[in-house]
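This note is written for a colleague who is meeting the structure for the first time. The points below may be read with the sequence and the model side by side.

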Amino acid sequence: MSTLDTATDDIGHDHHGPASGIGRWLFTTNHKDIGSLYLWFSLLMFLTGGVMALMIRAELFQPGLQLVEPGFFNQMTTMHGLIMVFGAVMPAFVGLANWMIPMMIGAPDMALPRMNNWSFWILPFAFAILISTLLMEGGAPNFGWTFYAPLSTTYAPPSVTYFIFAIHIMGMSSIMGAINIIATILNMRAPGMTMMKLPMFVWSWLITAFLLIAVMPVLAGVVTMMLMDIHFGTSFFNAAGGGDPVLFQHVFWFFGHPEVYIMILPAFGIISHIIPTFSRKRLFGYASMVYAMASIAILSFLVWAHHMFTVGLPLVGELFFMFATMLIAVPTGVKVFNWVTTMFRGSLTFETPMLFAIAFVVLFTIGGFSGLMLAIAPVDFQYHDTYFVVAHFHYVLVPGAIFAIMAGVYYWLPKWTGHQLNERMGRLHFWLSFIGVNITFFPMHFIGLAGMPRRIPDYALQFADFNMVASIGAFIFGFSQLLFVWNVIQTVRHGEKAQARAWEGAEGLEWEVASPAPYHTFATPPRVD
Amino acid sequence: MSTHASYYVPEQSRWPILASIALFLLAFGAGTLINGITHETGGGLGLLMVLAGALLMGGILVGWFGNVIHESRAGLYSAQMDRSFRWGMSWFIFSEVMFFAAFFGALFYVRTLAVPWLGGEGDKGVSQMLWPDFTAQWPLMNPPDTEQFAGPKALVDPWHIPLLNTVLLVTSSFTITLAHHALLKDQRQRVVRWMGVTIFLGITFIGFQAYEYVEAYTKLGLTLNAGVYGATFFILTGFHGLHVTLGTVMLIIILGRILKGHFSSQQHFGFEAVAWYWHFVDVVWIGLFLFVYVI
C-alpha cells in the first residue's frame, strides 16, 4: 500500500478549521462533518438492526417457541427491516456521497450546506420516534417492513400512527439529501469536468438521487392514505368502501422497487472505483456502465408488480411484469461483465477493500440469479413469501449493499482519517463476514424451496437443521462486525500515516488532496483536463 | 460553468438543528393527538407539542429565510449559487408532482380496475362474491357495504364552483406572469398591482373551496366516510387546497418583500421560485378539474 505519488499539496485549502465542542456537529455546514455524522449514525443503526436480527435468529435456532413471544417476534422482523433499509443502508450511502462527491468533482462543499445539515439531523429524531414505539402500549409496528394493508391499517397497533410520521420525516430527509446531491453534481463540477468524465460513484449517485426524488413522495402518499384510512374514515384500502387492499401494494411497490435500486446503485459506484484501483487498470467500459445504470433506473419504474404475482393480477399483468423484470438482467450483466473484464490481466492485489469488492461481485450475482428465478411468475407462485425470498434479498443487500459500504469505508478511510487501517484485522473481518454471511443465507435457499414461510417464529421439524446452521452463521457474521467497529475507531485515533494517494493505483481528484483531507477542499476549483 | 471563484459556503448555523427539534415536536405531537382522539384517551399533551412545534417552526422559518435574504442582499450569492437554488426548487417541485401522482394513480386504479372488479367485470370479477348485489359505477354512489360507508347523496356540480375556481386559478397564473414582466422592466407599481390581484384570486379560490367542502358535508353527504369516491375526492382536492394556501402565503411574503424594495430586474429568484410553485399548483388543478370533477 505504499503510494508512488507523494504529492501532498492540498489544492485550494483555506485555513478555516472546524469549530470546537459539540456545536461543531450540531451546527455544521461542512460536507465532511455531515458525511461523518451520517456514517456514524448508520453504524449505530446497523448495530441496532443487527441485534434485532440476532434475536430473530436466536428464536429460530430451534423449532418451537423458546425466547420471545410471537407478537414480539413480528415486531423484531418489522423493525429490523425498517431500521436496516432506512437507518443503515440509505444513510451510509448518503454519508459516503457527502464525503466524496464534492472532493471527486472539485467542489468547495455541497450546493446547499445548511439544508444538508437539516437532512441529517431530522434522521435521529425520526428513528427516536420509530424506536420509541417498542415501549408503547400494543407494541411496535408488527406488520413487516412492507406494511401491507389491512395488517397495517385495520389490524395495526396504535403505534402505527407514530410509524407513519417517522416515515414522513425519513422521506423528507431523503428528498432533501437527494436534491442537494443533484444540485451539487449538476452545478458544482470543476471546470473541464464534463458529465462523461464524472467518477462512477458520482454518476451512480446522480441516478440514485433522481430515483429518490421520484419515489420518496410516493411513499409519503401511501402512508398518508394509511393515516386517512386508520383515523379519518376513508376507504382507500378497504373493499367495503370500494377501495382495494391491493392498491396499497401497487403504490407501495411503485416506491419499493426503485427503492431497492436506490440501495444498490451507489454500491455499483463504489465497486467501480475499487476494482480499477486494485487491478491497476482503468475501468472497462465507462460509457456502458453509465448507460447500464440509467437503464436499470428506467426499468425500475416498470417492474413493481413482480412483488405481487400471487395477489391476483390479470394474466397480461403477470406477463408484462415478468418480462420487464427479466430485462433488468441485461444491464446488470453488462456491469458484472465490465467489473470482471477490468480485473482481467490486471496486476491485482487483494487488500481489504478489494476483497470486499470481489466478494460483492460474486455474491451480488448470486442474489441477482435468485432474483431471476423469482421473476418467473409461475415459479414465483411456489417461492412467494418463503425463505427463498429472504435468501434472495439478503444476498443482494448484505454481501451486496453492506459489503460495498464496508469496501468503501475501508477504501476511503485513509483519506478521511489520514491513517492506514489495520490491514490484518481488516482481512480477518472480511473472511469472518464472508463465511458468516454465506452460512447464514445460503441454507435459506434450501428451506425456502422446501416451503418454509418467512416471518414466523416457529416452524416444522424438517427445517430444523438448516435453521440451526443459519443461526450459527448469523452469530458469526454479527459478532465479527465488532472487528469492523474496532478497526475504524483505531484508524481514526492512530495508525500508519497515509499518503495523499493512499492506494497505489487510485485515480481521481480526491486522491490529489492531502490525507486527512483538509477541512475545506477546493475553495477554488481545480482545472480538470 | 462560470464564476466559480466565489461560491458561498455559509458558516455554522443553528437553524437546522432547531428545525429538527420543531419537526420532532410536530410529528410526535401529531401522532399523540390523533391517537388520543381516535382511541378517546385524550391527546392534550400531543396538542401542546403540536402548538409548540408549530410556533418554533414558524420562528425558525422567519429566521432561516431571513438569513438567506440578508446574505442575498449583501451580495454574497454568485450566479452559480443562483443556479443551485434553481436546481433545488425545480427538483422540489418535481417531488411534489410525484406526491400528487401517487394520489392520481390511486384514483385511476380504483375507478378503472378495483371498482369494476368488485362489480364482477373482467379477469378478477370473482371478487364480486364478496358483495353479490354490488353494481360498479363511477363516481361510486353506492359502495359495496353501505352500512359501513354510506355513499354520497349527490356530487359537486363541476360547472359551478369548480369551473369558477378553474377560471380563477388560470387567471392568477396569467396575472403573476404579468407581475413578473413588470418586475423585469422595473415597474414597481405594476408589480405590486398584479401581485395583489394574484393574491386576491388565490384567497378567493380558497374561500370557494372551503364553501364547497361545507356544502359537500352538509348537503351532499360527500364526506371522507362516503366510500372511495369521497376518499379520492378529498385527498386530491384537500392536498391541492393546502398547496394553494401555502402558495398564497408565499405570495404574500413576496409582496411584502417587493414593498420593502427587495428584488431587482436582474436578481429576483425568490419571486420566480414562488411563481414556479404557483404555476405548478395551477397545473395540478387542471388535472383535478378534469379527472375528479368532470370526467
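1. A residue is called buried here if 20 or more other C-beta atoms lie within 10 Å of its own, and exposed if 12 or fewer do. The model under discussion is a predicted one.

2. Chain A may be taken as a whole to begin with. Its secondary structure comes to 16 helices and 0 strands. The radius of gyration of chain A is 23 Å, close to the 24 Å that the globule rule gives for 529 residues, so chain A is as compact as a globular protein of that length. Along the principal axes, the C-alpha atoms of chain A fill a box of roughly 70 × 45 × 45 Å. Of the 529 residues in chain A, 60% are buried. Among the contacts in chain A with a separation of 6 or more, 83% are between residues 24 or more positions apart.

3. The domain assignment divides chain A into domain 1 (31-263) and domain 2 (268-517). The C-alpha centres of domain 1 and domain 2 of chain A are 19 Å apart. Their contact takes 47 residues from domain 1 of chain A and 48 residues from domain 2 of chain A. On the domain 1 side, the elements that give two or more residues are helix H2 (31-60), helix H3 (70-105), H6 and H7 of chain A. H3(A) gives the most to this side, with 11 residues. By class, the side of domain 1 of chain A that touches domain 2 of chain A has 33 nonpolar, 11 polar and 3 charged residues.

4. Which residues of H9(A) are buried? Helix H9 of chain A (residues 286-299) has 14 residues and reaches 20 Å from its first C-alpha to its last, close to the 20 Å expected at 1.5 Å a residue. Its buried residues are A:Met289, A:Ala292, A:Met293, A:Ile296 and A:Ala297. Seen down the axis of H9(A), these buried residues fall within an arc of 135°, so they line one face of the helix. An α-helix has 3.6 residues a turn, so residues three or four places apart point the same way. A:Ala287 and A:Ile298, on the other side of H9(A), are exposed. The buried residues of H9(A) pack against helix H6 (200-231), helix H7 (245-262), helix H8 (265-279) and helix H11 (329-343) of chain A.

5. Chain B is divided into domain 1 (1-77) and domain 2 (84-294). Taken over C-alpha atoms, the centres of domain 1 of chain B and domain 2 of chain B are separated by 25 Å.

6. Helix H5 of chain B (residues 188-220) has 33 residues. From its first C-alpha to its last, H5(B) reaches 46 Å, close to the 48 Å expected at 1.5 Å a residue. The buried residues of H5(B) are B:Val191, B:Trp194, B:Met195, B:Thr198, B:Ile199, B:Leu201, B:Gly202, B:Phe205, B:Glu212 and B:Ala216. What covers them includes helix H4 (161-184) and H6 of chain B. After H5(B) comes B:Gly221, whose phi is positive, near 70°.

7. B:Ala179 is placed in helix H4 of chain B. B:Ala179 is buried because 26 other C-beta atoms lie within 10 Å. The C-alpha atoms of B:Ala179 and B:Val197, 18 residues apart along the chain, are separated by 9.5 Å.

8. How many residues of chain B are in contact with chain A? The contact involves 62 residues of chain B and 61 residues of chain A. Helix H1 (15-38), helix H3 (79-118) and helix H6 (228-259) of chain B each supply at least two residues of the chain B side. H3(B) gives the most to that side, with 22 residues. The residues of the side of chain B that touches chain A divide into 39 nonpolar, 16 polar and 7 charged.

9. A:Ala19 is in the segment before helix H1 (23-26) of chain A. With 16 other C-beta atoms within 10 Å, A:Ala19 is partly exposed. Leaving aside its neighbours within four places in sequence, A:Ala19 is in contact with A:Arg24 and B:Gln12.

Notes
Residues are numbered from 1 along each chain as its sequence is written. Chains are lettered from A and ligands numbered from 1 in the order in which they are written. This is a predicted model: local features need pLDDT of at least 70, side-chain atom pairs count only at pLDDT 80 or more; totals for chains, interfaces and linings use all residues. Two residues are in contact if their C-beta atoms, placed from the backbone, lie within 7 Å. Helices (H or I, at least four residues) and strands (E, at least two) are DSSP runs, numbered from the N terminus. Ala, Val, Leu, Ile, Met, Phe, Trp, Tyr, Cys and Pro count as nonpolar, Asp, Glu, Lys and Arg as charged, and the others, Gly among them, as polar. The expected span of a helix is 1.5 Å times one less than its number of residues. The arc is that of the directions from the helix axis to the C-beta atoms. The radius of gyration is taken over C-alpha atoms; the globule rule is 2.2 Å times the number of residues to the power 0.38. Domain bounds come from an automatic or database domain assignment.
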